Amino acid sequence: MTGEEALFKRMESGDNDALQELIAMYYPEILRYCMWNAPDRHMAEDAAQETFLKAIRYFDRYVHKGRFRAFLYQVAANTCIDMKRKRYLTDVGYEQLTQEPEYEERGFQTVDGSLQLRQMVAALPAEWQDIVILRYGQELSMREIAQIVRLPLRTVQSRLRLALKKLRKEMKDASANGES
């Protein structure tokens with residue numbers, strides 16, 4: 001039995017501390033994911049908190065089949081999309097749109113490596129971005145990613161391969177042009 005399954009059994013028996021442990025187990029990686037998908041750290045923190053609030057709110061509808069992590073990523077992805085929509089519906093100045101988001105998460109920095117890489121990932125089609133971020137930023141398996149993005153495994157593999165091919169080409173072009 002995994003730690004997640006043990007926590008679910010404890011929650012079913014009425015242990016409220018188990019819910020806090022479950023949140024603590026997944027909060028850092030959900031926050032890191034939200035930081036990839038939010039324009040700034042504050043919005044990423046809000047999105048991560050909202051993800052867990054929604055998960056708790058609809059917890060009675062969730063049937064545990066060992067896929068809670070994928071369920072959380074689906075909720076986080078939808079929450080980030082909703083927050084972006086709300087943000088763009090409000091009057092945002094040009095200066096705010098051109099500001100580079102602040103990322104302080106160590107995990108993000110190891111994947112990011114440079115502003116150039118972040119810009120290249122952001123330039124990928126949206127359906128490729130999420131797959132790259134989930135695979136290399138969150139270190140999820142291909143099967144988990146397929147569950148999260150609700151696509152067949154082969155489609156996820158194909159999109160990741162295409163995204164990596166494009167990133168390699170852009171990095172090669174950038175190094176040929178003398179950019180670091």
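1. A residue is called buried here if its relative accessible area is under 20%. By that criterion both Tyr26 and Phe68 are buried.

2. The average pLDDT of the protein is 80, and 81% of the residues reach at least 70. Where pLDDT is low, the predicted coordinates should not be read in detail.

3. The largest nonpolar core comprises 48 residues, and Ile30, Cys34 and Phe68 have the most contacts inside it. Helices H1, H2, H3, H4, H7, H8, H9 and H10 each supply at least two residues of this core. The greatest contribution, 10 residues, is that of H2.

4. What does Cys34 touch, leaving aside its neighbours within four places in sequence? Its contacts are Ala44, Ala47, Ala48, Thr51, Ala76 and Cys80. Among the buried residues of H3 are Ala44, Ala47, Ala48 and Thr51.

5. Helix H3 covers residues 41–57, and its 17 residues reach 24 Å from the first C-alpha to the last, close to the 24 Å expected at 1.5 Å a residue. At the start of H3, a side-chain oxygen of Asp40 comes within 3.2 Å of the backbone nitrogen of His42. The buried residues of H3 also include Arg41 and Lys54.

6. The structure contains five aromatic pairs. In one of them, the ring centres of Phe8 and Phe68 lie 5.2 Å apart with the planes at 75 degrees, so the pair is edge-to-face; the cut-off for that class is over 60 degrees. Because Phe8 belongs to helix H1 and Phe68 to helix H4, this pair ties together parts that are 60 residues apart in sequence. Phe8 counts as buried at 5% relative accessibility, and Phe68 does so at 3%.

7. Phe68 also forms an aromatic pair with Tyr26, which is tilted, at 6.1 Å centre to centre and 55 degrees between the planes. This pair links distant parts of the chain, with Tyr26 in helix H2 and Phe68 in helix H4, 42 residues apart. Ring pairs join Phe8, Tyr26, Phe68 and Phe71 into a cluster.

Conventions
Residues are numbered from 1 along each chain as its sequence is written. Side-chain values use heavy atoms; hydrogens and water are left out. Helices (H or I, at least four residues) and strands (E, at least two) are DSSP runs, numbered from the N terminus. The expected span of a helix is 1.5 Å times one less than its number of residues. Buried means under 20% relative accessible area, exposed over 50%, partly exposed in between (1.4 Å probe, protein chains only). A polar contact is a pair of N or O atoms within 3.5 Å; within protein, one must be able to donate a hydrogen and the other to accept it, and residues adjacent in sequence count only if both atoms are side-chain atoms. A nonpolar core is a set of buried Ala, Val, Leu, Ile, Met, Phe, Trp, Tyr and Cys residues joined through side-chain atoms within 4.5 Å. Contact means heavy atoms within 4.5 Å. pLDDT is the predictor's confidence in each residue, from 0 to 100. Rings of Phe, Tyr and Trp (its six-membered ring) pair if their centres lie within 6.5 Å; planes under 30 degrees apart count as stacked, over 60 as edge-to-face and the rest as tilted.
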